[in-house]
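Q: I'm new to this one and would like a close look at a single part of it. Could you walk me through that part, and then show me what lies around it?

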Amino acid sequence: MFIAALTIARPHPGSAAATYNSRVREHVLPNGLKLIVLEDHKAPEATFQVWYRVGSRNEELGKTGLSHLLEHLMFKGTDKIAPEEYSKIIQRNGGNENAFTGDDSTTYFATLASDRVNVVIDLEADRMQNLKFDDAQFTPEHKVVMEERRLRTDDSPMSALFELLSSTAYVAHPYAWPVIGWMSDLSQATREDALAHYKLYYHPSNAFVVAVGDFSADDLIAKVESTFGPIAAGPQPPPMRAKEPEQQGERRSVLRREAQLPFVALAYHVPNLRSPDGAVLEVLSAVLAGGKSSRLHKKLVYEKRLAREAGAQYEYTSVDPGMFALYAQPLPGKSAAQLEKEIEAEIDLVRKAEVSERELQKAKNGIEAGFVLSQDSLFYEALLLGQYEVAGDWKRIDDYLPAIRAVTTDDLQRVASQYLVPTNRSVATLDPIPPPPGKMTRPERAPQGMVH
Amino acid sequence: MMALRRKHGSTGAGRRAFGVALPTTLLLIATMASASPLAVQRRTLNNGARLLVSEQHALPMVVVQIMVDAGARRDPSGKEGLAGLTADLLTEGTKKRTAVQISETADFIGAAFDTGADVDFASLSLTMLTKDLDTGFDLLSDALLHPSFPEAEVTRRREATLASLQAEEDEPGRVANRRFLKLLFGDEPYGHPVVGSTESVRKLTRADILKFYQENYGPENAIISIAGDVSADDMAKRMESILAEWKGVSRGDFVYPPEHAHESEAATIAKPLTQANIVLGERGIARDNPDYYAVTVMNFILGGGGFTSRLTNSVRVEGGLAYSVGSVYSVNKAPGSFQVIMQTKNASAAEAIQRTCSELDRIRQSQVSDEELDGAKLYLTGSFPMRLDTNMKLAGFAAQVEFFHLGDDYADSYASRINAVSKEDIQRAAQKYLHPDNLDLVVVGNLDTAKVSAGPPCAKPAPTP
């Protein structure tokens with residue numbers, strides 16, 4: 001869900017750690033598979049991740065959700081590995097595994113004791129080329145994914161609202177639809193659709209590997225070479241041509257459904273890390289919503305007592321330009337319209353250069369500290385490298401903090417004035433239908449023998 | 001790793017909701033094993049608080065976790081939510097700082113400073129860079145020792161809590177859990193969520209909070225666990241100094257009241273949802289139960305072991321009925337709950353329950369296979385290093401080992417205890433602790449479609465006359 005996206009702090013070259021560029025080994029196999037390898041010996045474990053450059057961004061209407069459906073089916077085995085055996089093998093090696101799909105990529109990972117890392121390398125090389133499943137596996141997993149959509153989106157007013165916000169903000173670009181897909185598309189997806197998606201996108205030349213942990217980089221690279229090396233490079237997947245046109249006027253959507261409290265979210269089209277303004281937007285996000293002393297929380301939640309919560313979400317490492325979103329949920333008795341006005345007023349203050357040097361410094365400190373703290377986990381380090389690589393190049397990681405440090409209060413004013421303007425805004429509002437009287441919670445204890 | 005299943009932007013989606021890393025903090029202990037990099041140095045401060053320090057110099061950071069015997073089990077009757085509200089308010093004003101000054105100070109050093117209550121304890125948690133130790137410790141001791149609970153902040157936080165309780169009605173999993181706890185535990189201390197209820201929170205006053213704080217926030221049962229780029233000696237010196245004035249009466253160990261008389265019940269809550277949110281279960285075990293290890297392995301095979309568990313295999317892999325299905329023991333000081341939790345489209349509710357009942361029967365009636373037993377042991381023991389691979393996890397682990405009196409050799413002996421569990425032990429544990437004919441059931445969903453059959457969820461159909 002939009003608001004609960006990963007809050008990975010960005011890298012920071014300063015204090016203890018040397019730059020990633022000086023620590024990471026990059027190696028590209030002849031078939032195009034790129035390896036991004038980082039030795040890190042602070043714990044006796046390793047994380048091994050295979051990233052495919054395919055996500056909902058590469059889908060089309062009528063077949064949305066295929067990337068994610070395929071992600072589930074990747075656990076259904078190969079000639080050598082039985083359905084679900086992947087998970088069993090990793091568990092028997094004391095490891096944790098999972099996978100996740102986003103707009104831009106699909107990632108498979110296992111984290112386990114570093115002396116077992118070859119186990120996952122063998123399994124991943126196998127399923128990159130030999131995935132096999134028939135209807136007996138497809139049919140139940142297809143249902144599982146529909147249950148996932150019901151759980152995450154259909155029964156959650158807020159998730160449904162953020163889905164609506166994206167489809168309001170984008171008219172020509174696939175970021176308009178949800179990663180999990182529209183239910184109508186999902187319900188009609190076939191085994192053949194999923195296999196075709198696999199054949200089109202799952203090749204060494206459309207993937208890369210990130211490995212971080214307590215191993216010898218030489219050994220790990222040699223192992224990946226011997227397992228993934230023989231796989232054919234594969235055809236180039238079709239290019240994704242869609243481009244979102246400039247927005248020329250506010251767009252508004254309303255979600256009417258049974259819910260307890262309203263909710264409002266505002267989204268603006270903005271550049272990502274490919275633009276120098278990206279770092280400014282990162283700082284702006286921290287100024288507006290980084291911690292309880294940030295502007296939105298302090299003003300809306302604390303001082304004016306209008307909101308239950310308020311926050312920001314910005315996608316820095318996306319392939320195509322994403323959104324800068326601000327959101328809030330009113331306290332009972334307060335309205336979404338009031339909050340929208342207050343959020344607008346806060347943006348206006350930034351446009352008028354009201355951000356102080358101390359606030360700016362606080363935002364930068366939070367970002368820098370967050371980076372060191374996030375290095376506590378090998379997994380998150382690998383995740384961060386993968387996200388930068390998906391968005392263009394993992395090497396850009398080291399440019400991040402210098403760019404953050406260079407941001408000035410003038411930059412904040414300029415960027416807010418350029419992007420956070422009404423003509424570039426989409427607003428989605430959850431307008432609750434009150435539950436019918438007596439039906440809201442009816443937890444009456446059913447006498448035994450009389451359960452509904 | 002739950003957050004992982006969401007990626008930036010729109011609805012990131014993933015494969016599993018019910019991983020082996022169960023969302024109950026206490027459960028983490030259930031999956032820890034040998035070969036400890038813990039190296040915890042332990043001492044008792046002059047005021048009686050216990051200090052645990054794990055020196056870890058890989059990163060210039062420190063995690064501090066303070067556990068105080070002030071959890072929701074100590075909520076007075078009718079004042080449910082008091083422990084939680086008290087813990088929340090520790091950071092909302094002290095004798096020398098306003099709420100805003102506290103958040104400004106923490107945010108300026110980029111620290112994460114959180115307080116909250118669990119069922120058995122309350123905790124303060126601070127994560128920061130080593131260079132900011134002085135500022136961080138000053139903030140931490142101020143919040144712990146000198147909270148002023150300003151009337152305006154009490155009002156603000158109470159309103160926010162009431163709003164959260166209202167918003168919670170849109171989260172069917174929480175609605176089901178709340179109802180289940182009430183069915184199972186009634187008015188016992190574990191019978192309510194930490195947050196309390198709308199009725200009880202509405203009545204909480206500053207005087208209640210002050211009294212609860214004075215009675216429960218003493219050093220004697222407190223545990224201070226620190227992991228990171230520090231020295232144990234320096235930490236001891238600093239803690240003696242900043243916590244010198246921390247005194248408090250000891251209330252003695254909490255005594256959990258006798259279990260209330262209880263027949264299994266079923267409850268339904270109607271909401272316009274696409275899925276039936278199902279919880280079924282019964283009373284579980286306390287952490288000091290000698291059968292803890294047998295129960296851990298048994299539950300791993302039954303429904304705690306992520307993709308390889310029997311429940312996942314039956315309900316998800318074979319049935320295609322649920323994205324998330326699993327079983328959880330909430331292992332506390334006193335016996336907590338055993339819950340099977342799942343969500344399935346309304347029309348499948350009865351089938352999902354029936355499949356669950358079959359698995360509960362099966363693990364009682366026949367022994368698990370060698371492959372299952374080996375798999376569970378290999379995972380539980382082999383994944384140990386990953387339970388301790390961050391400063392955050394280390395600090396939390398050490399604190400819980402201390403809180404539950406698991407012993408200094410706990411991390412080293414865990415593997416042998418798990419490996420000692422036999423197939424016979426598992427079947428015996430299943431027969432002793434799983435009672436399919438006496439389960440409580442809660443279903444939240446569209447009850448017109450979710451036709452849940454009457455009576456206890458796993459009752460055998462009456463023989464046709």
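A: Let's start with helix H6 of chain A, which runs over residues 157-169. (Helices are DSSP runs of H or I with at least four residues, strands are E runs of at least two, and both are numbered from the N terminus.) H6(A) has 13 residues and spans 18 Å from its first C-alpha to its last, close to the 18 Å expected at 1.5 Å a residue; that expected span is 1.5 Å times one less than the number of residues.

A quick word on the ground rules: this is a predicted model, where local features need pLDDT of at least 70, side-chain atom pairs count only at pLDDT 80 or more, and totals for chains, interfaces and linings use all residues. Residues are numbered from 1 along each chain as its sequence is written, chains are lettered from A and ligands numbered from 1 in the order in which they are written, and side-chain values use heavy atoms, with hydrogens and water left out.

So how hidden is H6(A)? Of its 13 residues, 10 are buried, so the helix is largely enclosed by the rest of the structure. (Buried means under 20% relative accessible area, exposed over 50%, and partly exposed in between, with a 1.4 Å probe and protein chains only.) Among the buried ones are Pro157(A), Leu161(A), Phe162(A), Glu163(A) and Leu165(A). The cover over them includes H5 and the strands E7 (251-258), E8 (263-269), E10 (323-330) and E11 (425-433) of chain A.

Now on to the partner chain. In all, 100 residues of chain A are in contact with 95 residues of chain B, contact being heavy atoms within 4.5 Å. Across this interface the rule finds six salt bridges, each a side-chain nitrogen of Lys or Arg within 4 Å of a carboxyl oxygen of Asp or Glu. Glu147(A) and Lys345(B) pair up in a salt bridge through their side chains, at 3.8 Å from N to O.

One last stop: Lys299(A) sits in helix H11 (residues 295-303) of chain A. Lys299(A) is partly exposed, at 22% relative accessible area.
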